[in-house]
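Here is a walk through one protein model. Keep the sequence and the 3D view side by side as you read.

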Amino acid sequence: MRTITLGRTGIQTPQNAFGALPIQRVERAEAVRLLRRAHEGGMTFFDTARAYTDSEEKLGEAFAGIRDQVYIASKSMSEMPEKFWNDLHTTLRNLRTDHVDLYQFHCVKQCYAPGDGTGLYEAMQEAKRQGKILHIGITAHKIGIAEEIVQSGLYETLQFPFSYLATDRDIALVQACAEAGMGFIAMKGLSGGLLNNADACMAFMSQYPVLPIWGIQRDSELTEWLSFFEKEPQMTDALREVIERDRGELLGNFCRGCGYCSPCTVGIVINQCARMSQMIRRSPSAGWLSEAWQKEMEKIDRCVQCGACIKRCPYELPIPSLLKKNLEDYRAILRGEVQI
Ligand code: SF4
Ligand code: SF4
């Protein structure tokens, strides 16, 4: 397993890290067990966020007493210094620690800089001066903002979506980060659950100087990622074929399932309904065809085109039309007109 150095933070960790968003959905004792098992299996870098409800608390419980054996990254979505400090103090309390290794501005709409009037970058610097955070990072979903962040030279790490669906521009961003001495943390390595071949995902990542944080919530998923410490998948012609086929099917305007567009004005579960066509074909379909999901999909007809979701989607997707397309496909599948 390759070791990644996260740019000038100097943090060194195996290229196989834990994304702690999904453990929000796992009962506490089980989440703690998964986190400890990940650490015992070789993972040393764990990424969480203030916005992931009780994820930080679960990390705090899992690593109490062995805090110095792991790197913990967290994030704040605050847009004001006062809220930033509240978030940071809550993070430290939840994690049962006096410092976070990496603190990141979460899903930013702009590149915060000293003197920009927000006071946020100054707050981050002060937190670092006080030793409450060791390194300053940032996460973004829009490529233009990510490029601006790299050019700014203000951040030690960038977290950005990166998977084998990456565009040439995304790959250039990885290279620019490396040249700027910034660590690159790859989120959404499975593209929000659309990619289901872990070997292909890992083999792709290992070609780049990036740290993937795999979102993990099940034992079986963890077993798969931990198995790569024993035997790392190599890029083969067969895996290249998988990647090319998926790229052919998925590139373009597809929903990553991130949920940033929520809540919908009329209660549509956008982050599942806007990618139902893919999910139904790429994971066992029975669950998606249940009565409960049929009801959820039918809500799409209630869309009032208010546009609230579009403003919040980091990928600027045309959500109402995407939803409509998914509903038409779903109905055709239910009528047996389309084979899956
Ligand atoms: S445009 Fe439609 S899908 Fe989006 S928030 Fe409004 S009602 Fe919901
Ligand atoms: S529509 Fe956009 S914001 Fe909403 S889940 Fe999909 S990618 Fe995320």
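**A tour by helix, fold and ligand**

Start with helix H9: the number of its 14 residues that are buried is one, so H9 lies largely in the open. Buried means that 20 or more other C-beta atoms lie within 10 Å of the residue's own; exposed means 12 or fewer, and partly exposed lies in between, with C-beta atoms placed from the backbone. H9 covers residues 237-250 and reaches 20 Å from its first C-alpha to its last, close to the 20 Å expected at 1.5 Å a residue. That expected span is 1.5 Å times one less than the number of residues. Gly-252 follows H9, with a positive phi near 115°.

A word on the source: this is a predicted model, in which local features need pLDDT of at least 70 and side-chain atom pairs count only at pLDDT 80 or more, while totals for chains, interfaces and linings use all residues. Residues are numbered from 1 along each chain as its sequence is written, chains are lettered from A and ligands numbered from 1 in the order in which they are written.

Now step back. The protein has 14 helices and 10 strands. These are DSSP runs, numbered from the N terminus: helices are H or I of at least four residues, strands E of at least two. The radius of gyration is 20 Å, close to the 20 Å that the globule rule gives for 340 residues, so the protein is as compact as a globular protein of that length. The radius is taken over C-alpha atoms, and the rule is 2.2 Å times the number of residues to the power 0.38. Buried residues make up 42% of the 340.

Next, helix H6, residues 168-179. Its buried residues are Leu-173, Val-174 and Cys-177. Seen down the axis of H6, they fall within an arc of 100°, so they line one face of the helix. The arc is that of the directions from the helix axis to the C-beta atoms. Their cover includes helix H5, strand S8 and strand S9. On the other side of H6, Asp-168, Arg-169 and Glu-179 are exposed. Gly-181 follows H6, and its phi is positive, near 70°.

Finish at ligand 1. Which residues come nearest? Of the 14 around ligand 1, they are Cys-264, Thr-265, Cys-303, Cys-306 and Cys-309. Helix H13 (308-312) and helix H14 (319-334) are the elements that give two or more residues to this shell. The shell divides into 11 nonpolar residues, three polar and no charged.

Conventions:
A residue is near a molecule or strand if its C-beta atom, placed from the backbone, lies within 6 Å of it. Ala, Val, Leu, Ile, Met, Phe, Trp, Tyr, Cys and Pro count as nonpolar, Asp, Glu, Lys and Arg as charged, and the others, Gly among them, as polar. Two residues are in contact if their C-beta atoms, placed from the backbone, lie within 7 Å.
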